[in-house]
Amino acid sequence: MSTEFYGMIQQLMLQSAELLDVPKRFKLILSEPKNELSLNFPVRMDDGEYRLFKGFRVQHNNVLGPYKGGMRYHADVDINHLKSLAAIMTMKCALVQIPFGGAKGGVQVDTYQLSQDENMRLTRRFISALADNIGPDYDIPAPDVGTNAQTMAWMADTYVNLHQVSRRLGGQSVVTGKPLVYGGSHGREKATGQGLVYVLEKVLTEYGLAFQGLKFTLQGYGNVGSWVGRLLVERGAVLQAVMDHTGIIHADAGIDPNALALHVQTTGGVAGFKEVDTVSEDEFYQIKTDLFVPAALEQFIDLPRAKRLNCRLIAEAANAPLTPEAEEFLLNKGINILPAVLCNVGGVTVSYFEWKQNRQAEQWLAKEVDAELQRYIHSAVDRVKATAQNCRIDLRQAAYVTAIEHLFRVYSIRGIFP
Ligand code: NAD
């Protein structure tokens, strides 16, 4: 699956480059990552035994600035999957025009099987193995599936100790998504969900929809999904159903997203949440709704699942949640799709704000972060819409074309060394 996924992302980038008629050398550069690191490292488990873990870091492109991208802890992590996600990060940073390139990394591990101490030892050993291959000016990790603010604090602390930068300004800017007390930014935790809401703010009316009374269903109630849930309900929308790895819950009158977030925090999933019905996977996809937000994992919505969907609009919170066949079917059916490369760019944008704050020894107010994020997202939406109109292409292709055009402008000015 991961080889096909990588092929799909490569194809999307190359097709977009063709539309712009850029020189072949530029397409060659984009077609593969600059660096692919693969590491095996031992970790002492709580029972005193040692286990060998496999970790990776893929650095796709750094023409705009330091590499930037999440660290994923998941049993299915592999190099091809991370290559795809690193390339997507290059597209996102270029689309929103922040001075970062694309990267992605992670460890092949099921975090549900680790104790907190084992997770900490694994994280510290992974970062010491990566050593000089990350840095505040070189490659800046962030949270992704299976990692969170605590993981980022361990990563930053390990890096700072290894490199003796603790007394130097901004050493902790080696990672973003940190806890607020250790150089994190207001608004980072909700940033990806907030970005998606700012995208909707610009486009909902075009689809004859409004926040007030908007019915929506969510797949995934982790960092991204739970914030999308809370922020949309805050604006008057109704959360009808949620699916995660533990179960599926449904309530026509609406699910309380704050109580659900608390429940997930304490129990690990949506299963067992009170005062809701449970429905089957088939029933979940068939719920008649205005908006479906996939916020779980990549390539989850295949053709059979797409055929069951009964929504008017899809806003992709997860990276590339639709297979190409599912996307083609949905577009032909007249269902509008807001692509992930635009919808989930809020996370990396506020990561950029966090990095800036660390380096200037500042802490912005929450409302300043929100206002700046809104400005970046609205202007990215305008650029994508203009490209879609000018080139008569769909929004996903338009987002890639817009990103590649920006990268190409920078390459044209910088030239290719030597
Ligand atoms: P997370 O680990 O916090 O949450 C993942 C969610 O997916 C959980 O609710 C989990 O139950 C659900 N899930 C996993 N397997 C499932 C299954 N088989 N069926 C149904 N649900 C399942 O991760 P996250 O940070 O919220 O990331 C979600 C997606 O958003 C990923 O594609 C990630 O790359 C993308 N993303 C995250 C960020 C960020 O800032 N965290 C930024 C941009 C994109």
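The side chain of aspartate 144 has an N or O atom sitting 2.8 Å from an oxygen atom of the ligand, a polar contact (a pair of N or O atoms within 3.5 Å). This is a predicted model, where local features need pLDDT of at least 70 and side-chain atom pairs pLDDT 80 or more, while totals for chains, interfaces and linings use all residues. Numbering runs from 1 along each chain as its sequence is written, and side-chain values use heavy atoms, with hydrogens and water left out.

## The shell

There are 23 residues around the ligand, and Asp144, Thr192, Tyr221, Asn223 and His245 come nearest (near means a heavy atom within 4 Å). The shell splits into nine nonpolar, eight polar and six charged residues, with Gly counted as polar and Tyr as nonpolar. Domain 1 (33-182) and domain 2 (191-334) each supply at least three of the shell residues; the bounds come from an automatic or database assignment.

## A five-stranded sheet

Elsewhere, there's an open, mixed sheet ordered E1-E2-E4-E3-E5 (DSSP strands of at least two residues, paired by at least two bridges). Strands E1 (35-44) and E5 (139-143) form the edges, each pairing on one side only.

E3 (residues 67-74) and E4 (residues 101-108) run parallel, joined by six bridges.

How values were computed
Polar contact = N/O pair within 3.5 Å; in protein donor to acceptor, adjacent residues only side chain to side chain. Helix = DSSP H or I, 4+ residues; strand = E, 2+ residues; numbered from the N terminus.
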